[in-house]
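Here is a short briefing for a first look at this structure. It covers a cavity and a sheet, in that order.

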Amino acid sequence: LKHEKVRKMIELSGGTIVFGTFGEGVKCLSDGVVSTRLLSDFSKSVDSDYINALCEDDRKNIWIGTWDGLFVVDTLLNLVRRFDTSNGLPSNEITGILSDLSGDIWVSGMNGLSHLEKAGNEDYKITNYSERNGLQGSYFTTYSTLRTRDGELYFGGYNGFNRFYPELVRSDGKAPIVKIT
């Protein structure tokens with residue numbers, strides 16, 4: 001990968017190394033062979049080729065966070081799904097991705113934190129969280145995520161960090177009471 005500006009790297013469960021680059025998309029190294037996927041092929045925006053975050057889910061899909069949304073590709077780098085503001089995310093600027101112990105996906109960005117809960121084969125229910133829910137702020141920084149051995153998730157931002165056990169996060173589903181004064 002000479003001359004590539006690598007921003008993020010992960011090793012997949014099958015041993016393939018995935019590299020997220022600065023403007024050159026995603027590169028995979030497997031058995032000495034490098035394959036490339038420009039995400040702008042799917043979105044028609046060069047912002048998609050600036051990779052900020054990578055994560056493998058329990059289905060062996062690769063989740064890719066960019067300045068132009070969240071992409072899910074299979075191990076052959078074929079598009080499985082794309083998420084952005086048009087289908088539930090609060091921001092297209094993705095800064096971090098973590099998978100929790102139950103296989104759900106948590107995404108940080110420029111406008112809060114999102115929980116993508118499996119709701120079928122490739123369907124997800126998206127729940128968004130903001131400062132109103134107690135987050136350190138709305139803006140989360142790139143490269144500042146961690147899942148501990150016991151499953152606690154950490155997301156860093158400009159005002160500190162949030163840490164939580166996903167299984168303890170509950171949404172009551174009730175709309176707040178509106179009072180006009």
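Strand β10 gives the most residues to the lining of the largest cavity: three. The model is predicted. β10 also belongs to an open sheet of four strands.

**The cavity**

- The count comes to one cavity of 30 Å³ or more.
- About 40 Å³ of space lies in the largest cavity.
- Its lining includes Leu-89, Pro-90, Ser-91 and Ile-94.
- Val-107, Ser-108, Gly-109, Met-110 and Asn-111 line the largest cavity too, as do Gly-112 and Ser-114.
- Two elements, β10 and β11 (112–118), each give two or more residues to this lining.
- By type, the lining residues of the largest cavity divide into five nonpolar and six polar. None is charged.

**The sheet**

- The strands run in the order β9-β10-β11-β12, and their pairing is antiparallel.
- Why is one side of β9 and of β12 left without a neighbour in the sheet? β9 (94–99) and β12 (124–129) stand at the edges, and each has a single partner strand, so one side of each stays without a neighbour.
- From one strand to the next, the twist averages 20°.

**The β9 and β10 pair**

- β9 pairs with β10 (residues 105–109) in the antiparallel sense.
- Five bridges make up this pairing.
- Leu-98 stands opposite Trp-106 in β10.

**To take away**

Note on methods:
Residues numbered from 1 in each chain as written. Predicted model: local features only at pLDDT ≥ 70, side-chain atom pairs only at ≥ 80, totals over all residues. Heavy atoms only, no water. Pairing = 2+ DSSP bridges. Axes fitted to C-alpha atoms, helices over the stretch in contact; angles between N-to-C directions. 1 Å grid on protein atoms, 1.4 Å probe; cavity = no way out; pocket = protein on both sides within 12 Å on 5 of 7 lines; lining within 4 Å. Points joined across faces, edges and corners; volume = space filled by probe spheres on them. Nonpolar A, V, L, I, M, F, W, Y, C, P; charged D, E, K, R; others polar.
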